[in-house]
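User: Hi! Could you walk me through how to read a few features of a model?

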Amino acid sequence: MSFLVGVLVLVVGLVISIALHEVGHLVPAKRFGVKVTEYFVGFGPTLWSRRRGETEYGVKAVPLGGYVRMVGMYPPARSDRPVRRRRDGRATLVEEAREYALAEVGPGEEHRTFSSLSVPKKLVVMLGGPVMNLLIAVVLLSVVLVGVGVPAYTATLGNVQECLPADQAATECSDTDPAAPGEVAGLQPGDTVVSWGGRPVEGWDDVRAAIAASGPSPATVVVERDGQERTVTVTPAMSERPVVVDGEVLTDDAGEPVTEPQPFVGIGPVAELVPQPVSAVPGRVVEAVGATFEVVLTLPQRLVDVAQAAFGEEERDPGVVGLVGVGRFAGEIASIDSERYGVVERAADLLGLLASLNLALFVFNLIPLLPLDGGHIAGALWEGLRRRVAAWRGRPDPGPVDVARMLPLTYVVVVAMVGMSLLLAYADIVRPVTLTG
């Protein structure tokens, strides 16, 4: 039951994200006077709709997208070019699309078409959807980072070793093993370190740095236990320990961990959700957007790897999953059975998952190919460039870019997108990526 709740939360969040994406197109289009005849969330049969003014708002049966229908997405054919027809006299695919786009343009409404907008206004309308997804991701990440926090090791002790075993791989103490320095000093799980060797402590990194600075010399340690501060003296022991650089264990040419004598106390921290300052949000967003761009730029090769995993024995790339896989993630997040993984942690991870989806929608829609928003954005940028070059050279305004001529490539892109979706769905079923292993 919990699994289904997680999937439902994801579906609702995705539908809301899609609806807001389309609002990002709808509002500026109406603001600029474009005639908008339809605003729908989903595809397929209509489940509900209502007309307000000249626009019909509604919901369709398949919640895998949405659309805003603006009249005149394609400009009328140029008068100096003959209209192309098929051999049987019927209009070509491009001309049919052009006629369909202009069918709802009434007398005197030519100025209300999308194609009649200036380049800056076209960019605002088409960027409105992706930017809305980016804003959603920023809000969700802000809630997770600032409101909930990220897992981090704190200055609170989670464990205190009883001994220093001669064999570091041993899991139990023997009678010949010396007592660990933390045990000797009287440290206990649940103690929160306030200062170590006179150095104030705020997190586990501060504790590690203070231990390293004090070396094997006795250090005065202040801890908070049961609401009261207690002072103990800890004398670390020198022990061969792996060398850690930037959070990773340093290895030699043979791949073996590099060790050196280091002060060792035999204590470990508790991991908790630590709220981050608002200033941490922009950096996290930039990092996430960059990672998403990297995935999109390497998508063709990644899809080849997914196909090899789905139909062969290759390892599955965990960085690319479809909606089935994302739904499985949501279900697993909601159904993981752990006392340390409560409602707050589940909610934060689900919000993070939705943020990742919105970042994917933001980046994917910027691909400069129709029918994606990026195709219209690229067309508007090319139109602006052509007009500037014409003005610079003293030539007449070349007019809007005829994006309708890109329709044959558009259908190829649509087929590729459907194929990608089917491949990912199949791979998510036969070779799934799971959070729990």
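Predicted model: local features only at pLDDT ≥ 70, side-chain atom pairs only at ≥ 80, totals over all residues.

User: At what angle do helix 6 and helix 7 pack, and how far apart are their axes?

Analyst: Residues are numbered from 1 along each chain as its sequence is written, and side-chain values use heavy atoms, leaving out hydrogens and water. In general, two packed helices are described by the angle between their axes and the distance between the axes. Helices are DSSP runs of H or I with at least four residues, numbered from the N terminus. Axes are lines fitted to C-alpha atoms over the stretch in contact, with angles from 0 to 180 degrees between N-to-C directions. Here, helix 6 (residues 280-297) and helix 7 (residues 299-311) pack at about 70°, with axes 5 Å apart. That makes helix 6 roughly perpendicular to helix 7 (65 to 115 degrees counts as roughly perpendicular).

User: Which residues of helix 6 and helix 7 meet?

Analyst: Contact means heavy atoms within 4.5 Å. Val-295, Val-296 and Leu-297 in helix 6 meet Leu-299, Pro-300 and Arg-302 in helix 7.

User: Which residues does the UniProt annotation "transmembrane region" cover?

Analyst: UniProt annotations may be inferred rather than shown by experiment, and positions follow the numbering used here, with feature names shortened. The unreviewed entry gives residues 123-148, 350-370 and 406-427. In the model, residues 123-148 are 100% helix and 0% strand, with end C-alpha atoms 36 Å apart. Residues 350-370 are 71% helix and 0% strand, and their end C-alpha atoms lie 31 Å apart. Strands are DSSP runs of E with at least two residues.

Terms used:
Parallel < 35°, antiparallel > 145°, perpendicular 65-115°, else oblique.
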